[in-house]
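Hello,

Here is the structure I promised to pass on. Please open it first, then read my notes below.

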Amino acid sequence: MDRKSIRDVVVLWFWFLSLATTTIQFSLSEGTSDVICSARERRALHRFKQGLVDQGNYLSSWTGEACCSWKGIGCDNITRHVVKINLSRNGASLGGEISTSLLDLKHLQYLDLSWNSFEGLQIPEFLGSLTGLRYLNLSNAGFTGDVPRQLGNLLRLQYLDIGGNSLNIENLDWLSPLSVLEVLDMSWVDLSKASNWLQGMNMLHSLSVLILSDCGLSSINPLPAVNFSSLTVLDLSENQFVSPTLDWFSSLGSLVSLDLSSNYFHGPIPTALCNLTALRSLHLFNNSFTSTIPDCLSHLTSLESIDFSYNNFHGILPVSIGNLTSIVALDLSNNAFEGEIPRSLGELCNLQRLDLSSNKLVKGLEFLDHEANELSGHFSKCLSVLSVGNSSSSGPTSVSVRGLSSLSYLDISGNSLNGVFTLEVGSDWNPPFQLEILEMRYWQLGPLFPAWLQTQKDLMGLDISRAGIKDAIPSWFWSLNLDYINLAYNRMYGTVPSLPAAYQIHLGSNKFTGPLPRISSKTFSLDLSHNSFNGSLSPILCQQNNEENTLSSLDLSGNILSGELPDCWASWTLLTVLRLRNNNLTGHLPKSMGSLLWLRSLHMRNNSLSGTLPPSMQGCESLTVVDLSENEFSGSIPMWVGKNLSSLMVLALRSNKFTGSIPMEFCLLKSLQVLDLANNSLSGTIPRCFGNFSVMASQVQPRGSFLSYNNSAIGFTDTASLVVKRTEYEYSGSLPLLTLIDLSCNNLTGEIPKELTSLQGLIFLNLSVNHLEGQLPMEIGAMTSLESLDLSRNKLSGVIPQSLAGISFLSHLNVSYNNFSGRIPSGTQIQSFNASYFIGNLELCGPPLTETCVGDDLPKVPIPGPADEEDDDDWIEMKWFYMSMPLGFVIGFWAVLGPLAIKKAWRVAYFQFLDSVRCKLFGCW
């Protein structure tokens with residue numbers, strides 16, 4: 001089910017419903033041959049036409065005097081004045097200049113120039129002088145620049161649409177005079193600098209429809225008083241709002257449609273929304289709401305469309321959801337709802353579209369069967385779209401869809417975490433519905449091919465991959481008029497006849513045999529990988545078609561195809577993805593492959609291809625991933641690979657017979673993230689300019705799935721097989737996070753350039769089995785993202801820098817069989833590595849090796865710590881105390897008795913003093 005298309009239909013329905021009440025009332029004649037306008041107005045229209053560029057000859061009827069009969073012109077039946085110009089285009093569009101002659105149309109009330117191509121033209125200021133205008137539509141017409149303030153002079157204007165242009169507005173004060181404006185659409189207009197946007201809109205008390213989608217708005221300020229309470233449609237989608245504080249929304253009692261989708265709202269749903277009792281459409285998808293669904297929403301019984309998909313809603317689905325008796329479309333997909341699906345959903349007899357996919361719901365689908373629940377009999381008659389796929393239920397599940405007579409879209413796919421799902425129908429079952437889309441991945445539909453599909457005459461899309469089918473495809477299946485076919489990951493067998501004109505066909509990972517089938521020129525994506533198709537590629541590539549081939553993605557990998565690559569690629573110029581790996585293909589790359597100018601992903605790994613890379617391929621400048629590993633290509637790597645293929649992100653040429661040096665032009669590949677040249681016969685030095693790989697030099701890697709290619713409705717995520725830590729891995733979703741250089745098993749010489757150490761975002765570096773010499777750059781510790789470093793089997797010497805121990809993510813280090821010397825750097829990670837990663841270095845010592853370093857056998861002298869230093873300080877103080885005691889005694893003794901021994905008079909006086917003290921205390925004798 002196309003969520004966006006449903007949303008657009010609902011919003012437009014409410015929009016036109018609102019417009020029905022704001023239709024501009026005037027009597028006019030459009031295209032009436034017997035009404036002749038005034039000569040002045042006719043001349044004005046001629047001058048207006050002269051300024052336009054009309055490549056589609058749309059205005060060919062603008063001849064003669066009866067200008068009211070001209071295409072797009074409307075006149076008043078009474079006054080015969082021109083009152084309407086409607087030049088809205090959906091095909092060949094108008095361009096050029098907009099003449100000021102329109103000012104001579106004094107009675108003009110309606111002007112529509114939407115869906116044209118006035119590229120780079122500003123909205124003319126003079127339009128603000130057409131004061132009789134009630135309707136002005138300039139949407140999607142290529143206008144740029146600032147919106148003229150003069151539009152605020154159009155006091156009678158009821159409808160203004162300037163959306164879909166590259167326009168800017170910094171101040172909305174000019175809106176305030178437009179007191180009768182009822183419809184305003186400014187979608188895509190840059191309002192990021194208009195801080196007063198909400199106050200400006202609030203002055204329009206007649207406003208009924210307000211559309212401000214994708215305007216760069218980031219804040220919704222509180223409103224003390226709400227003047228535009230007559231709003232019926234409000235669209236604030238695709239902005240940057242964060243705060244869900246929307247208290248003033250409670251005053252919008254007339255609101256019928258509210259769209260807040262694709263913002264950054266978080267937390268619970270604002271309770272103010274529960275007061276919008278007239279609401280019929282509520283879209284909150286693609287935000288970050290994290291609450292449960294509040295019960296108060298069940299009071300909004302007029303709701304017909306709800307889209308809460310792509311949020312973080314959680315908890316169980318409330319039983320009160322059954323109170324939404326008017327609901328027609330309900331989308332709760334891609335959240336974290338859990339528990340059972342409430343049976344009250346079966347009471348929603350108007351429900352036509354239900355999407356509960358990609359949640360954590362378990363079971364509860366029994367309400368689909370009217371035999372299990374009588375109420376759901378009414379429900380079953382209405383439901384046309386049902387999507388509950390990719391949930392997290394576990395254990396065997398059986399579902400009956402026998403009562404869903406109106407069903408046209410059914411998605412009840414499981415996923416790899418689910419248990420076995422079964423459909424309880426007999427082999428002669430004749431479904432009551434006619435499906436257009438059926439998705440039943442991970443269901444147990446086999447072992448026989450489901451015969452009831454033959455009854456689905458309207459079927460356009462079918463996905464029954466991983467369905468346990470072990471059968472040949474019946475001949476009637478190929479006569480179904482399908483646009484999308486996915487039968488992958490089953491065990492179907494037999495040969496495949498000429499394929500139907502389906503847009504996408506996925507038959508990969510089965511057991512099909514025989515030659516490749518012919519395909520239709522209308523097929524856009526074809527996957528026949530991992531089967532047992534044999535023979536050459538000619539049945540597909542060299543077939544004669546009268547129409548241009550539209551094939552964009554071709555995957556034939558993992559078969560037993562053989563022979564040379566045919567030289568028929570010039571007929572497939574729209575190819576974006578080509579995967580032929582793991583076959584038995586031989587010969588050279590043909591010159592016609594240079595005509596694949598749109599090619600972005602080329603996988604030829606593990607074949608027997610040989611020769612040199614043809615110069616014609618230097619025109620494939622869109623190439624992003626090139627994997628030619630494990631073939632027999634020879635010669636030097638062309639300089640044009642680095643010079644012309646500037647978009648390369650992954651280049652894998654390992655296990656070939658390339659010779660010569662690494663081209664210096666590789667240094668021009670600023671976007672390169674994976675460079676794998678291992679196991680060739682390359683010589684020379686490692687270019688110092690490898691430090692120019694800007695993506696590898698950045699510690700902040702691009703985290704998006706940049707190796708995903710989207711063409712039309714097709715999305716393809718690229719993969720790569722890479723050898724990491726001497727083990728081959730297949731990378732797909734994590735490929736954008738990977739950075740790797742592998743130059744191992746070549747004949748490279750010279751030193752490791754210190755410029756490599758600037759690649760701070762590099763994760764895997766393998767330079768082993770070469771002839772590199774000299775010392776490791778001391779700055780190697782700056783490569784802080786390294787997880788694996790292999791330098792083994794070279795001639796490197798000197799000490800291993802201690803800075804290596806500071807690389808916290810390093811989990812694999814191999815420096816064996818070099819000439820390193822000295823102590824292995826001390827660090828918890830390095831000492832935990834296997835000793836075999838350090839052997840073969842005769843003068844290397846220290847853990848994890850058993851060889852000890854010089855001085856390791858001497859007795860250890862305790863190194864004083866902080867506590868020891870404090871004890872030493874205390875001992876010194878005590879030592880000085882004891883040493884000063886005798887000195888103090890001697891000094892004190894002689895200070896007192898010394899003078900008495902020397903001076904007789906002092907002695908007599910001293911003893912007389914003692915006698916007098918004794919007499920006073922004890923009396924004289």
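Is Glu 439 buried or exposed at 18% relative accessibility? Glu 439 counts as buried, because its 18% falls under the 20% cut-off. Its salt-bridge partner is Arg 441, with the closest N and O atoms 3.2 Å apart. Arg 441 has 23% relative accessibility and counts as partly exposed. Please keep in mind that this is a predicted model.

Now the other salt bridges. The count comes to ten. Asp 104 pairs with Arg 47, and their closest N and O atoms are 2.6 Å apart. This pair links distant parts of the chain, 57 residues apart. Asp 104 sits in the loop between strand S5 (95–96) and strand S6 (110–112), while Arg 47 belongs to helix H2. Asp 104 is partly exposed, with a relative accessible area of 21%. Arg 47 is partly exposed too, at 36%. Arg 40 joins Arg 47 and Asp 104 in a network of salt bridges.

Asp 555 and Arg 579 form another salt bridge, at 3.4 Å from N to O. Asp 555 lies in strand S37 (residues 553–555) and Arg 579 in strand S39 (residues 577–579). They are 24 residues apart, and the pair links distant parts of the chain. Both Asp 555 and Arg 579 are buried.

Next, the nonpolar cores. The largest has 230 residues. Those touching the most other members are Met 186, Trp 197, Met 201, Phe 228, Phe 249 and Phe 477. Elements that give two or more residues to this core include helix H2 (39–50), strand S4 (82–86) and helix H6 (640–644). Beyond its neighbours within four places in sequence, Trp 197 contacts residues including Leu 172, Leu 212, Ser 219 and Phe 241. A second, separate core has twelve residues, among them Leu 722, Leu 738, Leu 740 and Ile 763.

Leu 597 is in the loop between strand S40 (584–587) and strand S41 (601–603). At 47% relative accessibility, Leu 597 counts as partly exposed.

Last, a sheet. Three strands form an open sheet in the order S19-S21-S23, with parallel pairing. Strands S19 (314–316) and S23 (360–361) stand at the edges. Each has a single partner strand, so one side of each is left without a neighbour in the sheet. Two bridges join strand S21 (residues 336–339) to S23. Glu 338 stands opposite Lys 360 in S23.

Best wishes

Conventions: Residues numbered from 1 in each chain as written. Predicted model: local features only at pLDDT ≥ 70, side-chain atom pairs only at ≥ 80, totals over all residues. Heavy atoms only, no water. Pairing = 2+ DSSP bridges. Helix = DSSP H or I, 4+ residues; strand = E, 2+ residues; numbered from the N terminus. Core = buried A, V, L, I, M, F, W, Y, C linked by side-chain atoms within 4.5 Å. Buried < 20%, exposed > 50% of the residue type's maximum accessible area, 1.4 Å probe, protein only. Contact = heavy atoms within 4.5 Å. Salt bridge = Lys/Arg side-chain N within 4 Å of Asp/Glu carboxyl O.
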